[in-house]
Amino acid sequence: MLFKNISILADDFTVRHGQYVGVRGDQIAYVGQAAPAEDFGEIYEGRGKLLMPGLVNAHSHAPMTLLRGYGENLSLQRWLNERIFPFEDKLSDAAVAPATRLAIAEMLRFGTVSFTDMYFFSQTMADAILETGIKCNLSRGLTVFDDSYYEQTAAYRDNLRLLDEWHGANNGRLLADLCIHGEYTSTPKVVEAVAAQAKARGARMHIHL
């Protein structure tokens with residue numbers, strides 16, 4: 001496809017008007033003021049339109065579209081312990097799948113092409129991400145309030161599968177991160193174990209601060 005007479009937001013955040021942008025497959029192959037010699041097929045008249053890089057959502061819990069507005073105006077601890085954690089205990093794959101697709105649809109509608117997510121139900125979320133084609137850094141939320149070892153948690157098993165089966169899937173659109181929900185919801189022993197795994201696997205970390 002060839003975008004013709006379109007304004008673009010350049011990498012230095014300047015706006016350039018009257019540009020041509022040629023797309024071949026899933027790659028931008030040409031950007032310039034003059035029409036390219038190559039035939040890019042379908043032509044899109046872009047006069048009065050702005051073409052810009054996609055937005056990136058650096059922190060999300062996509063399935064929590066189900067909880068939007070639930071427990072408003074409560075303090076953090078009351079919100080978590082009285083509303084969110086009890087609700088999440090009742091979630092299932094059947095609920096998480098459409099909730100994730102809804103969140104992705106909303107992001108794509110408003111120009112967000114990549115998101116970093118921390119939640120549960122990793123396989124269900126990975127399926128929705130791969131189905132829609134959006135980019136995602138996916139991590140499995142981890143909370144530990146007792147003296148458990150990280151290797152005994154469901155999160156550890158999910159993280160192994162994320163790293164082994166889904167990291168780099170769909171031409172690198174899906175990446176696996178490791179995650180600690182927060183310093184107030186994990187023990188130092190677990191934090192140290194997850195950090196060691198991240199270092200050993202070359203993985204990124206996702207955490208609430």
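Q: Is Phe-3 buried or exposed, and why?
A: Buried means under 20% relative accessible area, exposed over 50%, and partly exposed in between, computed with a 1.4 Å probe on protein chains only. Phe-3 counts as buried because its relative accessibility is 16%, and this residue is found in strand S1 (residues 2-9), where a strand is a DSSP run of E with at least two residues, a helix a run of H or I with at least four, both numbered from the N terminus. The model is a predicted one, in which local features need pLDDT of at least 70 and side-chain atom pairs count only at pLDDT 80 or more, whereas totals for chains, interfaces and linings use all residues. Residues are numbered from 1 along each chain as its sequence is written, and side-chain values use heavy atoms, with hydrogens and water left out.

Q: Which residues are in contact with Phe-3, leaving aside its neighbours within four places in sequence?
A: Contact means heavy atoms within 4.5 Å. With those neighbours left aside, Phe-3 is in contact with Gln-19, Tyr-20, Val-21, Val-23, Tyr-44 and Leu-51; Tyr-44 is 41 residues from Phe-3 in sequence, yet the C-alpha atoms of the two are 4.8 Å apart in space.

Q: In what order do the strands of the open sheet stand, and which of them are at the edges?
A: Strands of a sheet pair through backbone hydrogen bonds, either parallel or antiparallel, and two strands are taken as paired if DSSP finds at least two bridges between them. Here four strands form an open sheet in the order S6-S7-S8-S9, with parallel pairing. Strand S6 (55-60) and S9 stand at the edges with a single partner strand each, so one side of each has no neighbour in the sheet. From one strand to the next the twist averages 15°. Three bridges join S8 to S9, and Cys-136 has Leu-174 in S9 as its bridge partner. Helix H4 packs on this sheet, touching S8 and S9, and its direction makes about 150° with that of S8.

Q: How do the axes of helix H3 and helix H4 cross?
A: Axes are lines fitted to C-alpha atoms, for helices over the stretch in contact, and angles run from 0 to 180 degrees between N-to-C directions. Angles under 35 degrees count as roughly parallel, over 145 as roughly antiparallel, 65 to 115 as roughly perpendicular and the rest as oblique. The axes of H3 (residues 122-132) and H4 (residues 154-166) come within 10 Å and cross at roughly 30°, and the two helices are therefore roughly parallel to each other. Ser-122, Gln-123 and Ala-126 in H3 meet Asp-158, Arg-161, Leu-162 and Trp-166 in H4.

Q: Which residues of H3 are buried, and what do they pack against?
A: An α-helix has 3.6 residues a turn, so residues three or four places apart point the same way. In H3 the buried residues are Ser-122, Thr-124, Met-125, Ala-126, Ala-128 and Ile-129, and they pack against helix H2 (93-109), strand S7 (112-119), strand S8 (135-140), H4 and strand S9 (174-176). Just after H3, Gly-133 takes a positive phi of about 85°.

Q: What does Gln-197 touch, not counting residues up to four places away in sequence?
A: Gln-197 lies in helix H6 (residues 188-201) and is buried, with a relative accessible area of 11%. On that count, Gln-197 touches Tyr-150, Tyr-156, Asn-159, Leu-160, Leu-163 and Leu-178.
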